[in-house]
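Here is a friendly tour of a two-chain model for you to follow on screen. Please keep the viewer open as you read.

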Amino acid sequence: MRAYRKRTWARMIADLTPLIDVIFLIIIFFVVLINFSQVHVRNVVLPNADQSYVSSNPNRQLVPITLRAKDEIFLGKDRISLATLSDKIKRRYPAGSEVTALIRADEEIPYELIKLVLTKLAALNIDKVEFATWEGTPDPLIEIPSNET
Amino acid sequence: MKLKFLRHASEREMAVSMTPLIDVVFLLMVFFLMTINFEKPEEVLAHQLPQLGNEASEDPSKDWEKVELKLTIAREDGQLQLQLQERTLTSYEDLNGYLTELPEDIAIIIDAANDVPYKHIIGVYNSCLKANKTDIVFSFAAPAQSAIN
């Protein structure tokens with residue numbers, strides 16, 4: 001009788017080791033996945049396009065320009081002003097280097113700002129430009145008010 | 001009797017309480033689950049800028065028929081309208097349908113008002129690519145220095 005009771009009690013003990021193993025694995029997964037990099041400035045809502053593609057040359061030298069607003073311009077992770085954009089690019093990428101400008105602009109940015117950036121790039125002889133987009137159907141030209149049912 | 005009591009006490013000290021560990025591990029998991037941000041993969045639309053001052057029309061090797069796309073804000077209802085030569089289009093579908101009928105070696109000049117949101121520039125660019133029109137030029141005059149600063 002005593003032996004039987006002991007065996008039942010032994011069966012009741014839950015082995016927590018695999019559970020802890022799995023939980024630690026999940027935590028390691030999240031820790032590895034979390035991205036603290038500021039190379040690409042976040043919170044930019046890119047425009048949608050269905051003709052865009054993932055570039056076939058991941059080793060190309062990029063000049064990442066992020067435009068969130070007229071006064072929120074980033075070259076890589078550094079916040080700069082539009083007036084200093086050319087100088088910063090010249091300093092970072094010597095003349096003659098084969099670079100591609102990657103424009104990551106918020107979808108609501110006025111075209112005026114894009115125009116200014118493109119003009120500056122052309123003046124620096126950077127003729128390869130890529131517009132970053134998200135895969136999707138472009139927003140319709142005629143905007144329907146959100147309160148309209 | 002005394003010895004027995006001591007043995008009980010040492011057994012109690014040896015037991016490792018897993019509860020706080022599991023509490024912390026679960027808290028970490030909840031933290032990561034709440035903060036994780038699966039970003040949409042970015043794609044690109046490639047564009048070749050002309051050298052500054054060299055307009056496409058001045059290139060003698062190419063005898064392009066020009067189609068000019070103008071994006072303007074309509075005054076009557078504030079909605080955007082595409083002005084394609086003499087035609088007024090109100091959707092990308094119309095634009096795409098019209099462009100598809102045109103020969104493939106045609107050059108498209110996109111001329112947009114300064115206040116047009118960038119997403120519509122990309123929308124028009126996307127429509128041109130969809131209709132196999134790859135010779136696309138952005139039309140803009142060199143900006144004034146005051147606009148840059």
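This is a predicted model: local features need pLDDT of at least 70, side-chain atom pairs count only at pLDDT 80 or more; totals for chains, interfaces and linings use all residues.

Residues are numbered from 1 along each chain as its sequence is written, while chains are lettered from A and ligands numbered from 1 in the order in which they are written.

**Where the chains meet**

- Chain A brings 46 residues to the contact and chain B brings 44 residues; two residues are in contact if their C-beta atoms, placed from the backbone, lie within 7 Å.
- On the side of chain A that touches chain B, the elements giving two or more residues are helix 2 (17-33), helix 4 (111-123) and strand 6 (128-135). Helices (H or I, at least four residues) and strands (E, at least two) are DSSP runs, numbered from the N terminus.
- Helix 4 of chain A gives the most to this side, with ten residues.
- Sorted by class, the side of chain A that touches chain B has 31 nonpolar, five polar and ten charged residues. Here Ala, Val, Leu, Ile, Met, Phe, Trp, Tyr, Cys and Pro count as nonpolar, Asp, Glu, Lys and Arg as charged, and the others, Gly among them, as polar.
- Strand 6 of chain A pairs in the antiparallel sense with strand 1 (residues 42-48) of chain B, over seven bridges; strands pair if DSSP finds at least two bridges between them.
- Within strand 1 of chain B, Gln48(B) is the bridge partner of Lys128(A).

**Helix 4 of chain A**

- Ten of the 13 residues of helix 4 of chain A are buried, so this helix is largely enclosed by the rest of the structure. A residue is buried if 20 or more other C-beta atoms lie within 10 Å of its own, exposed if 12 or fewer, and partly exposed in between, with C-beta atoms placed from the backbone.
- The buried residues include Tyr111(A), Ile114(A), Lys115(A) and Lys120(A).

**Two asparagines with positive phi**

- Most residues other than glycine have a negative phi.
- Asn125(A) has a positive phi of about 60° although it is not a glycine. Asn125(A) sits in the loop between helix 4 and strand 6 of chain A and is exposed, with 12 other C-beta atoms within 10 Å.
- Asn132(B) also has a positive phi of about 60° and is not a glycine. Its place is the loop between helix 4 and strand 6 (135-138) of chain B, and with 13 C-beta neighbours inside 10 Å, Asn132(B) counts as partly exposed.

**Trp134(A)**

- Trp134(A) belongs to strand 6 of chain A and is partly exposed, with 16 other C-beta atoms within 10 Å.
- Not counting residues up to four places away in sequence, Trp134(A) touches Leu46(A), Asn48(A), Lys40(B), Glu42(B) and Glu43(B).
- From C-alpha to C-alpha, Trp134(A) and Asn48(A) are 4.8 Å apart in space, though 86 residues apart in sequence.

**A helix pair in chain B**

- What residues make the contact of helix 3 of chain B with helix 4 of chain B? Tyr92(B), Leu95(B), Asn96(B) and Leu99(B) come from helix 3, and Gly123(B), Val124(B), Ser127(B), Cys128(B) and Lys130(B) from helix 4.
- By class, this contact has five nonpolar, three polar and one charged residues.
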